[in-house]
Amino acid sequence: MTPELKTSIAAIRFGYGLGPDAPSAPEIALAQLTAPDGMDDAHPVPRMDLALDQMNALIRARKGAKKGDAAAEESAKEHERALKRLGRQARTAIILRALDTPHPLRERMIHFWADHFAIRIGNGNLTSTLGDYVYGAIGRNVGGRFADMLKVVARHPLMLSYLDQVSSVGPNSPVGQKRGVGLNENYARELLELHTLGVDAAYTQRDVRQMAELLAGMRFSPAKGFFYDPRLSEPGPETVLGRSYGAAGPGKLAEVDAALEDLAIAPDTARHMARKLAVHFVGAPADPDLVAHLAGIWMRSGGDLLAVTAGLLDHPAAVAPPVGKVKPPFDYIISALRGLGVGSDRLLAIKNGLSRVVERPMSGMGQVPFRAVSPAGLPEDPAAWITPQGLATRIRWAMAQPGQVLDALPDPRDFVGRVLGPIADDRLVWAVSAAETRAQGVGLVLASPAFIRR
Amino acid sequence: MASTRRAFLKSVACSAAAHPWMTSVSLAAAPWDARLVVIVLRGAMDGLDIVRPVGDPAYAGLRAGLIDRTGPGLPLDGYFELHPYLSDLMPLWRAGQLGFAHAVSTPYRDKRSHFDGQDLLEAGSAEPAPDGRVRDGWLNRLLQVSAGTEGETAYAIGRDQLRILRGSAEVAQWSPDAALDVSAQSRLLLEHVYHDDPLFRDTADQAIALAELAATDMDSARGRAVAARLGETGARRVQGLAAFAAERLYGDTRIASFSVPGWDSHRNQDRALVGTLGRLADVILVLRDGLGPVWDKTCVLAMTEFGRTVALNGSFGTDHGTGGAMLLAGGAVRGGRVLGDWPGLDEAALYDRRDLMPTRDVRAHAAWAMRGLFGIERSALERTVFPGLDMGADPGAIL
C-alpha cells in the first residue's frame, strides 16, 4: 500500500475528503480536536442563555395575552418567531461549518458523538437550543473526557425531553406520592443500552430501574435552565451494576454524576464505544484488533477522547482498504461540495442554496439532520442508504447540482484525480474520459461507488 | 474521440444486455388479498369543518363565520354535512364507499405539538408509552405479526420519513418524483461504473425499473388513469403518490402509506384548505380509478395527529385541538355512515372546555379495519400492533 493511498483513505474516512486539511496522523488529531478552528466566529451558533431569554419572554407574553392584552399577543408571536430563528441559525451554522472548517476531523467527531447521543428536534421552542447541544455539550468535549460529555448531555433540555426524562418522577418522592405518578424509564434504559454499556453488556432490568430512580429529579425549565429537583427524586440509595449511590433521604445531583462517571469508564462501555468508533469510521465487521486497541486506550486513559481518537488514526486498520462504508447524506453532500471547492460564500450566494442544494436533497437521500428516527442514531449498513430512492436522489444530485453551484465546472479528468486520488478505479477513470459533457463527467465521479463509499 | 465513444457505447450496450437495467422487480405472492392504504394527514385536520355536525345546536354559532365563507355543507345523514370542497366525493358516499369516524383521537393529549402528535399517531402507542420503547411504526408491526409478507407487501411512498412503516419487517420505499431522469448515455456510463459493485448495480437496476414504471395495461381505463397521474409533480405531487400506490396495489403490494400535508389552518381556514381538500378528494379518486376492480377489496384510512379547537380564533382559523375525524373509503368499506358517539359541543362537554371530546381511540378503528381486512387476531392487534389498546366493540366498518 502506497503512502498516498493511506493518506487518501485517511482523508476520506476521517474528514470530508482529499485536500490540504485532510486528517491522516495522530498528531493531527491533537491539533484538529483542540486547536481553535475559527468557526465560532465565522458561523456562530446561538448561545443557551439567548434561547432561555426568548423562552422566558415568550412565557411572560403569553400570560399577558391570556388576559386579553393585544400587544402581549403580538409580542408572543415575535418571540416564537425569534425562537424559530435561533433554531434555523443553528441548523445553518452546522452546514456551513462543515463546509468551511479547516479541521474536518473535529467536525466529523462532533457529528459522530451528536449521533451517538441522538436527539429529535421538532418545530418546538427547544430547537433554539440545538446549537448549544451540538457545539456546546458535544463540541466542547470531543477532545476531552467522555464522562464530561455524558454529564453535559444528561443535563441538556434536548436529551431530557427526547428521552422523556422530563416526565419521570420518583414514585416515593414527595411529588410522586402526592400526585400518584412514577418513573419513565426511557432515558435510563437508553443511557445503559445505547449511550454507555451497550445492549450485549451484563446489566439487568433492575439496573435500568435503579438508574431511572437515580435520574429522577433531572429537570429543565426556561426560568432555571437545567436543575435538579429533590422533590422529584426517589429516596436512595440506588444500586447500579453492584455499586451503591446516595443514602437514605432525597437524592442529589452528585449521586447522578458519580454513577455517570462510573458508567463512562466501565469495561463494557469501553468495548461498546471502541466497536462503534471502528464500525463508523472504518467498517463492519469491526476489526477485532482495532477494537481491542481502542478499548485498551479507553480504559488506560479513563475515557479520554483525544487519546482514543489519536489511537484510531494510529492503527493500521484505520487506513486499510477497501473503502466499504457509505457516507451518510450529510457527509456525502458536504464532501462533494468541498471537492468542488464550494464554500459557504458560494453556497449562500445561490438563491435558497441551503435548502435547494443541501437540505431537501438530503431528505430525499433519507436523512433529516437531528430528527433521529430512533435513539440508536443513523444506520451504519450501506444498504440502508443505497436504496432505489436514496441512490436515485444521489445520482440526480451528482448530475445536476454541481452545475447549479458553480459557474464553470472543472475538467472531469482532473476532478476525478483531485477528489479520489488513487482510490479512483479504472472503470471510473475510463467512464469519465468517455463523458459527453463536463456536467456528466463530474456527475459520474460524484455518483460513483468510489466517491460515495469511504 | 467521437468514434471511440461510439465504440464504447456499443460495447456497453452489449454488456447491458447481459445486465439489463430493466430487470423486473420481483413480485411474490402476498398473504392476503385485501388492500389497505393509510394516508397520514399532517398538520391536524379540522374534523369539525370536514364533517360538520350541523345537527348539534351549538355548531352554527361556533362556526358561523367560517360557514359564511365556504357556503353550506353537503347533507350526509341528516345530522352531519360534508365540507362543500369535498363535493367530488359525494358519489362515493352515495355508493356506500365513503364513511367517517368522528370524535376520535390518538391517546395524545394536552401538548398539541404536531411533531409529537404525528410521532405518536405513527408509532401507534399509548401516551406515555410504558417505557418509551415503541420505536417502530404500527403498520410495520402489522407485518411483523403476519406470516408470509415479502419486501413488496408494504410500500412507503414519497419523501416523508413515514415512521408508520419503519421497523424490523422489510418494506419497500419509493418516491415517484425521484425519477432517474438522466440521459441514456449517462445511464450506460453509470452501469459501467457500477459494474463491479453489486449493491450499487442492483439498486440502480431497481431505481430505473421503478422510475420507468408505467401503467401495465394502457388499454384499460384503469391503466390510463394511472398513466395520466404518475408524472404529476409540484404541488400536485400527492396525486402522483396515489397513482404509484394504485399501480403497486394493483399488483402484489397489499399495504401502502403516504402523507397529505397542509391541514394546519390557523388563519382564513376556508382559503387555507381549498387546495388541501381538493388534493385529498383527488387522491381518493385517483386510488379508485387506478385500482380498477381491486378497489372493491380496498380500504383507505385517512388519519390525522389531532383535531382543532371547536371555536374559531380571531383570524377565521382554528388552533390545535384534540378530538377530530377519520376518513374511510373503498369498496371494502361499509360506508354511507358517520361512526362514533357524538359527545356534543356544549362547553361542559368539551375537552379542556375548548376541544372536541374524543369518545373513541382512533387506533381502535384502524385495528378493526385490519381485523376485517386481513383477519389479524385481536390479541395480536391489542398487544403488538397497538400495545395496550382496548379495541372495544366492532364498529362494522369493513364489509
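Between chain B and chain A there are 12 residue pairs in polar contact, both residues at pLDDT 80 or more. A polar contact here is a pair of N or O atoms within 3.5 Å; within protein, one must be able to donate a hydrogen and the other to accept it, and residues adjacent in sequence count only if both atoms are side-chain atoms. On the chain B side, the elements that give two or more residues to this surface are helix H1 (2-18), helix H5 (114-123), strand S7 (172-174), helix H7 (184-194) and helix H8 (198-211). Helices (H or I, at least four residues) and strands (E, at least two) are DSSP runs, numbered from the N terminus. By class, that side of chain B has 19 nonpolar, 13 polar and 12 charged residues. Ala, Val, Leu, Ile, Met, Phe, Trp, Tyr, Cys and Pro count as nonpolar, Asp, Glu, Lys and Arg as charged, and the others, Gly among them, as polar.

A word on the model. It is predicted: local features need pLDDT of at least 70, side-chain atom pairs count only at pLDDT 80 or more, and totals for chains, interfaces and linings use all residues. Residues are numbered from 1 along each chain as its sequence is written, chains are lettered from A and ligands numbered from 1 in the order in which they are written, and side-chain values use heavy atoms, with hydrogens and water left out.

Back to the interface. Chain B puts 44 residues into the contact and chain A puts in 49, where contact means heavy atoms within 4.5 Å. Together the two chains bury about 4,000 Å², 57% of it on carbon and sulfur atoms. Buried area is the accessible area (1.4 Å probe) that two parts lose on being put together, summed over both.

How many salt bridges cross between chain B and chain A? The rule finds three, taking a side-chain nitrogen of Lys or Arg within 4 Å of a carboxyl oxygen of Asp or Glu. One of them pairs A:Arg427 with B:Asp196, with the closest N and O atoms 3.2 Å apart.

Over all chains, the count comes to 48 salt bridges. Within chain A, A:Arg145 pairs with A:Glu261 at 2.8 Å between the closest N and O atoms. A:Arg145 sits in the loop between helix H7 (130-138) and helix H8 (146-154) of chain A, and A:Glu261 in helix H13 (residues 253-264), 116 residues apart. A:Arg145 is partly exposed at 32% relative accessible area, and A:Glu261 is partly exposed at 24%. Buried means under 20% relative accessible area, exposed over 50%, partly exposed in between (1.4 Å probe, protein chains only).

In chain B, B:Asp160 and B:Arg42 meet in a salt bridge at 2.6 Å, N to O. B:Asp160 lies in the loop between strand S6 (154-157) and S7, and B:Arg42 in strand S1 (residues 35-42), so the pair ties together parts 118 residues apart in sequence. B:Asp160 is partly exposed at 27%, while B:Arg42 is buried at 13%. Returning to chain A, salt bridges that share partners join A:Arg145, A:Asp148, A:Lys151 and A:Glu261 into one network.

Last, chain A as a whole. Chain A has 25 helices and four strands. Its C-alpha atoms fill a box of roughly 75 × 60 × 40 Å, taken along the principal axes. Of the 454 residues in chain A, 60% are buried.
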